[in-house]
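Please read the points with the model open.

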Amino acid sequence: MRLKNKVAIVTGAANGIGLSIATAFASEGAMVVLSDIDEAKLNQEVKHLAANGAKTLAVKTDVGNTEDVKNLVHQTIKAFGKIDILVNNAAVAIGGNIMEMPESDWDTLMNINLKSVFRTIKETLPHMIKEKSGSIINISSTQAFRSWHNWTAYAGAKGAMLAMTNQLAGQFGASNVRFNSISPGAINTPMNAKRAETEGTAFLEKSASQHAMNRLGTPSEVAMTAVFLASDEAGFITGEDIKVDGGLCTLPRYTE
Ligand SMILES: NC(=O)c1ccc[n+]([C@@H]2O[C@H](COP(=O)([O-])OP(=O)(O)OC[C@H]3O[C@@H](n4cnc5c(N)ncnc54)[C@H](O)[C@@H]3O)[C@@H](O)[C@H]2O)c1
């Protein structure tokens with residue numbers, strides 16, 4: 001019960017890594033607010049967690065929308081009175097060669113994957129400062145460190161998240177609010193399953209072979225790192241990025 005009595009918000013919590021983080025937080029004793037744009041799946045997962053004894057709340061949220069994010073924070077405070085943990089996990093995977101990518105795709109990606117982080121932190125931080133306690137975890141990606149063809153916008157947003165994490169850790173350390181990030185390698189989630197549907201499965205096999213451990217990661221391997229960063233065990237860790245990448249970044253550059 002490493003997160004007993006803590007209140008956590010997880011964005012993009014209806015599937016994949018976000019769902020795994022929310023589930024792990026609940027089993028460590030946290031009260032978890034699951035938010036996602038996919039209301040049906042969100043309600044289904046919250047029902048499932050509640051049936052297993054977790055204290056949870058579902059708040060349908062498009063992180064690309066400021067009013068939705070304000071409502072998410074409002075509902076959390078109304079239900080639980082405080083926010084100890086925020087996990088910025090929601091994101092979309094939009095690829096595209098920079099020379100051909102429509103500006104509208106760039107804007108959509110930046111709004112959902114990056115500006116969302118500005119929105120959630122802006123609304124959450126005052127509550128954490130008031131309590132003089134908080135842990136904010138940004139889910140970045142090894143894309144912030146490595147070159148994959150045609151993922152400039154996605155990688156740009158993930159790299160900016162790292163810079164924000166570092167900058168905010170410096171600014172709000174004295175308020176006992178910690179900012180850290182996790183950079184996963186390729187993880188077996190619906191995001192990759194969706195890509196496999198359109199691109200075929202070959203990229204998944206190639207992806208696995210890029211990791212020193214020669215496999216994809218699991219959502220729970222990312223989730224357990226988030227539990228650690230959220231917990232008091234990580235009380236003196238801020239401004240840090242933890243790669244959960246099976247050694248991907250130790251190997252030579254990936255090529256298509
Ligand atoms: N899967 C990987 O290989 C991998 C690798 C590195 C980083 N990541 C990062 O991990 C995080 C989770 O990825 P995943 O693979 O679990 O993704 P996923 O697509 O399986 O799940 C993402 C969730 O976010 C939700 N979502 C999408 N747009 C949203 C919006 N506008 N508002 C609220 N919710 C929204 C989706 O409905 C979905 O439930 C993302 O930040 C992703 O960039 C994933």
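1. Basis of the note. The model is predicted; local features need pLDDT of at least 70, side-chain atom pairs count only at pLDDT 80 or more, and totals for chains, interfaces and linings use all residues. Residue numbers start from 1 along each chain as its sequence is written.

2. The core. The largest nonpolar core has 63 residues. Such a core is a set of buried Ala, Val, Leu, Ile, Met, Phe, Trp, Tyr and Cys residues joined through C-beta atoms within 7 Å. A residue is buried if 20 or more other C-beta atoms lie within 10 Å of its own, exposed if 12 or fewer, and partly exposed in between, with C-beta atoms placed from the backbone. Ala8, Phe25, Val32, Leu34, Val87 and Ala226 have the most contacts inside this core. In soluble globular proteins, nonpolar side chains tend to be buried together.

3. Ala226. Neighbours within four places in sequence aside, Ala226 is in contact with Ile21, Ala24, Val87, Ile137 and Ile182. Contact here requires that the C-beta atoms of two residues, placed from the backbone, lie within 7 Å.

4. Helix α2. Helices (H or I, at least four residues) and strands (E, at least two) are DSSP runs, numbered from the N terminus. Helix α2 covers residues 39-51, and its 13 residues reach 18 Å from first C-alpha to last, close to the 18 Å expected at 1.5 Å a residue. The expected span is 1.5 Å times one less than the number of residues. Leu42, Glu45, Val46 and Leu49 are the buried residues in α2. Seen down the axis of α2, they fall within an arc of 100°, so they line one face of the helix. That arc is taken over the directions from the helix axis to the C-beta atoms.

5. Surroundings of α2. The buried residues of α2 pack against α1 (16-27), β2 (31-36) and β3 (56-60). Exposed residues on the face turned away from the buried side are Ala40, Gln44, Lys47 and Ala51. After α2 comes Gly53, with a positive phi near 95°.

6. Helix α3. The 15 residues of helix α3 (residues 66-80) should span 21 Å at 1.5 Å a residue, and the end C-alpha atoms are 21 Å apart, which agrees. Which residues of α3 are buried? They are Val69, Leu72, Val73, Thr76 and Phe80. Down the axis of α3, these buried residues fall within an arc of 90°, so they line one face of the helix. The cover over them includes β1 (7-11), β2, β3 and α4. The face turned away carries the exposed residues Glu67, His74 and Lys78.

7. Thr61 sits in the loop between β3 and α3. Thr61 is buried, with 30 other C-beta atoms within 10 Å. Among its contacts beyond four places in sequence are Thr11, Asp36, Val69 and Leu72. The C-alpha atoms of Thr61 and Leu72 are separated by 6.7 Å, although the two residues are 11 apart along the chain. Gln75, in helix α3, counts as partly exposed, with 18 C-beta neighbours inside 10 Å. Beyond four places in sequence, Gln75 is in contact with Leu57 and Val59.

8. The ligand shell. Of the 28 residues around the ligand, Gly12, Gly16, Ala91, Thr189 and Met191 come nearest. By class, the shell has 14 nonpolar, 11 polar and three charged residues. Ala, Val, Leu, Ile, Met, Phe, Trp, Tyr, Cys and Pro count as nonpolar, Asp, Glu, Lys and Arg as charged, and the others, Gly among them, as polar. Helices α1 and α6 (190-199) each supply at least two residues of the shell.

9. Pro219. This residue is in helix α8 (residues 219-230). Pro219 counts as buried, with 21 C-beta neighbours inside 10 Å. Residues up to four places away in sequence not counted, Pro219 touches Gly16, Ile17, Ser20, Ile187 and Thr189.

10. Most residues other than glycine have a negative phi. Lys132, in the loop between α4 (103-131) and β5 (134-139), has a positive phi of about 50°. Asn176 has a positive phi of about 60° and lies in the loop between α5 (152-172) and β6 (177-184).

Note on methods: Near = placed C-beta within 6 Å.
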